[in-house]
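Subject: Handing over the structure

Hello,

Here is the structure I promised to pass on to you. Please have a look at it first, and then read on for what turned up in it.

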Amino acid sequence: MGKKVLITGGSGLIGRRLTQMLLDKGYEIALLSRKKLNIPSVQVFEWDIQKGYIEEGALDNLHFLVHLAGTNVGEGRWTEERKKSILESRTESIRLIARKLAEKQIKPAAFTSASGISYYGQDTGDRKNTETTPAGSDFLSHVSIEWEKAADEIAALNVRTVKLRTGIVISKDGGAIPKMALPARLGLGAPLGSGKQWLSWIHLDDMCRMYMEALENESWQGVYNAVAAPPVTNDGLTKAICKVLYRPQWLPNVPSFALKLVFGEMAAVILGGSYVVNERIERETGFRYQYGELEDALKAELS
């Protein structure tokens, strides 16, 4: 067997694709799950964050650790209970693993954690955000700050740690793109709010390749903006989706007040935007994007 990679949140959009790509490269894959799953070629171990439980064997012979677990931000209204779940599913989960690693004196070779470009704020206008830009002060900024602090508890065990602040993931299998493509397919594509908000994006395969590079390449350490370049406006993304689907875009923008009525506080995710720059990826690594152009990424998923 190859080197063992333990993944939290392995049933999510990135986790599923990353699992397959790692298997294709000969890695041994183990997932932590709240319930037993039967996944071919994958070991699934149960865990319970509230009870502080991880099934025996999950951490044995561990070489790499990937943390993707977290309640979906874009589904359901942000009640106080859901906001608590969004935060603690990301932070308490990795703190539990940190405690177990310390207890068992297990030290993986590398650890890569998801984070979000929401670290900089839900709406940062035209400001160009690099990895050194200060954090924002809204709810999702707070989530990303605490998420990264929790990841630092693994780093404190002297484990090389990489944090990937992720933008909008281009995929037909989940996330924002299928939701935007559906009305476009029906000839009903329209920008949301002003349409001027910046959206920083990355294709799913490039995202997973970045995780693999972060694990395998010992020069990777610290925070990286996991986005392609350049960003696009909401209006530009809508136009690009319509173009790839050979559909017209003729409807007026969906007004902000209507989105706030439907989604409540969560509408900030849709109406806000950030111009995020992949400065460290470009300057310090040899990473090459398979999908560096938005239209190519959309064609790969929607054509």
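Predicted model: local features only at pLDDT ≥ 70, side-chain atom pairs only at ≥ 80, totals over all residues.

Let me start with the cysteines: searching the whole structure turns up zero disulfides.

**The overall picture**

The protein chain has ten helices and 14 strands. Its radius of gyration is 19 Å, close to the 19 Å that the globule rule gives for 303 residues, so the chain is as compact as a globular protein of that length. Along the principal axes, the C-alpha atoms fill a box of roughly 60 × 40 × 40 Å. Of the 303 residues in the chain, 53% are buried. If you look at contacts with a separation of 6 or more, 76% of them are between residues 24 or more positions apart.

**The cores**

Which residues touch the most other members of the largest nonpolar core? They are Met 210, Ile 241 and Leu 298, in a core of 56 residues. Helix H5 (residues 204–216) gives this core its largest share, with eight residues. Apart from this core lies another one of 22 residues, and Leu 6, Leu 59, Phe 111 and Val 159 are among them.

Setting aside neighbours within four places in sequence, Met 210 is in contact with Leu 164, Ile 202, Trp 220, Ala 226, Ile 281, Phe 287 and Tyr 289.

**Strands E8 and E12**

One of those contacts of Met 210, Ala 226, also has a part in strand pairing: Ala 226 in E12 is the bridge partner of Thr 166. The two strands involved, E8 (residues 160–166) and E12, pair in the parallel sense over five bridges. Is E12 mostly covered or mostly open? E12 is mostly covered, with four of its five residues buried.

If you follow the chain onward from E12, you come to the loop that holds Pro 230, between strand E12 (222–226) and strand E13 (232–233).

**Strands E2, E3 and E4**

E3 is a strand with two partners to look at. With E2, the pairing is in the parallel sense, over five bridges, and Ile 29 has Val 42 in E3 as its bridge partner. With E4, E3 runs antiparallel, and two bridges join them. Here Trp 47 stands opposite Ile 54 in E4. E3 and E4 form a hairpin with four residues between them, and Gly 52 in the turn has a positive phi of about 70°.

**Two loop residues with positive phi**

Ser 41 has a phi near 70°, which is positive in a residue other than glycine. Ser 41 sits in the loop between strand E2 (28–33) and strand E3 (42–48). Its relative accessibility is 64%, and because exposed means over 50%, Ser 41 counts as exposed.

Asn 61 is the other, with a positive phi near 55° in a residue other than glycine. You will find Asn 61 in the loop between strand E4 (53–54) and strand E5 (62–67). With 72% relative accessibility, Asn 61 counts as exposed.

**A buried serine**

Finally, please look at Ser 144, in helix H3 (residues 139–155). Is Ser 144 buried or exposed? Ser 144 counts as buried, at 1% relative accessibility. What does its side chain meet there? A polar contact of 3.2 Å joins the side chains of Ser 144 and Ser 118. Leaving aside neighbours within four places in sequence, Ser 144 is in contact with Ser 115, Gly 116, Ser 118 and Tyr 119.

Enjoy looking around!

Best wishes

Definitions and conventions. Residues numbered from 1 in each chain as written. Heavy atoms only, no water. Buried < 20%, exposed > 50% of the residue type's maximum accessible area, 1.4 Å probe, protein only. Disulfide = S-S within 2.5 Å. Polar contact = N/O pair within 3.5 Å; in protein donor to acceptor, adjacent residues only side chain to side chain. Contact = heavy atoms within 4.5 Å. Pairing = 2+ DSSP bridges. Core = buried A, V, L, I, M, F, W, Y, C linked by side-chain atoms within 4.5 Å. Rg over C-alpha atoms; globule rule 2.2 N^0.38 Å.
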